[in-house]
Amino acid sequence: YPGLQNLIEQKFEDAIRRVAHAAKSDIEKLLEIEKVPYTHDSSVFQDIAQKRNLHLYNEINRVLGGDADERNTTSSSIREMLNGVLERDRRKTIETRMAEELELLLDVYGKVVFKRVQDKVPMLCQDMTREFLATIKKSMRNITDNALEEVVKFSRAFCRERETRELEMEQMEKSIEIFQRVLSKRSVLQMDPSCFCPSAKRPR
């Protein structure tokens, strides 16, 4: 029944469109909310404090080039190296500091947002699957008998073929009926000769 198949496919396509539209709307709302930075995760502030001075720590390690005791450096020379590192950091422009701070915040907070979205999106997908199944069940239940009767109609070619076969079957049944009558009369003649010859006597 092509009509019935098309009806079911149409119901599925409509359900997919509705559920996909709702899921897209939910994800867009989630992403819109995440545009405003917000978190109660204390590790974010700890990471910011740690990474804020990380570049100074890396610069000091680079200047010292390893263990100070192995190089026989004096406290005064170490002090000079540290002063040089701090001086270079002090000479950074405001734009550079703002760029570094922004990069730091984006890196730390971005990881929090990524985890939050990573957890939320699969949950939305599960809701979408449940909603899709519920929508399909509701759509199938709402198909009326009239709609089913409309789509399960036979095609014209099938109807013509059926009429031809029915006519052939009717003719065949008539032929069988005639043949059976002929056989019946023949059996009667064989059993009773008087039917063929009235003067013949029936066997006693």
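Student: Which backbone atom lies 3.0 Å from a polar atom of the side chain of threonine 39?

Tutor: The backbone nitrogen of aspartate 41 lies at that distance from threonine 39. A polar contact is a pair of N or O atoms within 3.5 Å; within protein, one must be able to donate a hydrogen and the other to accept it, and residues adjacent in sequence count only if both atoms are side-chain atoms. This is a predicted model, in which local features need pLDDT of at least 70 and side-chain atom pairs count only at pLDDT 80 or more, while totals for chains, interfaces and linings use all residues. Residues are numbered from 1 along each chain as its sequence is written, and side-chain values use heavy atoms, with hydrogens and water left out.

Student: Where in the chain is the place of threonine 39?

Tutor: Helices (H or I, at least four residues) and strands (E, at least two) are DSSP runs, numbered from the N terminus. Threonine 39 is placed in the loop between H1 and helix H2, which spans 42–52.

Student: Does threonine 39 count as buried or exposed?

Tutor: Buried means under 20% relative accessible area, exposed over 50%, and partly exposed in between (1.4 Å probe, protein chains only). Threonine 39 counts as buried because its relative accessibility is 17%.

Student: Which residues does threonine 39 touch, not counting residues up to four places away in sequence?

Tutor: Contact means heavy atoms within 4.5 Å. With those sequence neighbours set aside, threonine 39 touches Val44, Tyr109, Val112 and Arg116.

Student: How many helices and strands does the chain have?

Tutor: There are 7 helices and 0 strands. Read from the N terminus, the order of elements is α-α-α-α-α-α-α. Among the 204 residues of the chain, 15% count as buried. Of the contacts in the chain with a separation of 6 or more, 74% come from residues 24 or more positions apart.

Student: Is serine 139 buried or exposed?

Tutor: Serine 139 is buried, since its relative accessible area is 10%. This serine is found in helix H5. Apart from neighbours within four places in sequence, serine 139 is in contact with Lys11 and Arg18.

Student: How many salt bridges does a search of the whole structure find?

Tutor: A salt bridge is a side-chain nitrogen of Lys or Arg within 4 Å of a carboxyl oxygen of Asp or Glu. The search of the whole structure finds 9 of them. One of these joins the side chains of aspartate 14 and arginine 17, at 2.3 Å from N to O.

Student: Why are aspartate 14 and arginine 17 separated by about one helical turn?

Tutor: The reason is that aspartate 14 and arginine 17 are 3 residues apart in helix H1. Aspartate 14 counts as partly exposed, because its relative accessibility is 22%.

Student: What links the side chains of lysine 51 and aspartate 107?

Tutor: Those two side chains meet in a salt bridge of 2.9 Å, N to O. The pair links distant parts of the chain, for lysine 51 is in helix H2 and aspartate 107 is in helix H5, 56 residues apart. Lysine 51 counts as partly exposed at 27% relative accessibility, and aspartate 107 counts as partly exposed at 34%. A network of salt bridges links Lys51, Asp107 and Lys111.

Student: Where do aspartate 127 and arginine 130 lie?

Tutor: Both aspartate 127 and arginine 130 lie in helix H5, 3 residues apart, which is about one turn of the helix. Their side chains meet in a salt bridge of 2.2 Å, N to O.

Student: How are aspartate 127 and arginine 130 classed by accessibility?

Tutor: Aspartate 127 is partly exposed, with a relative accessible area of 39%. Arginine 130 counts as exposed, because its relative accessibility is 51%.
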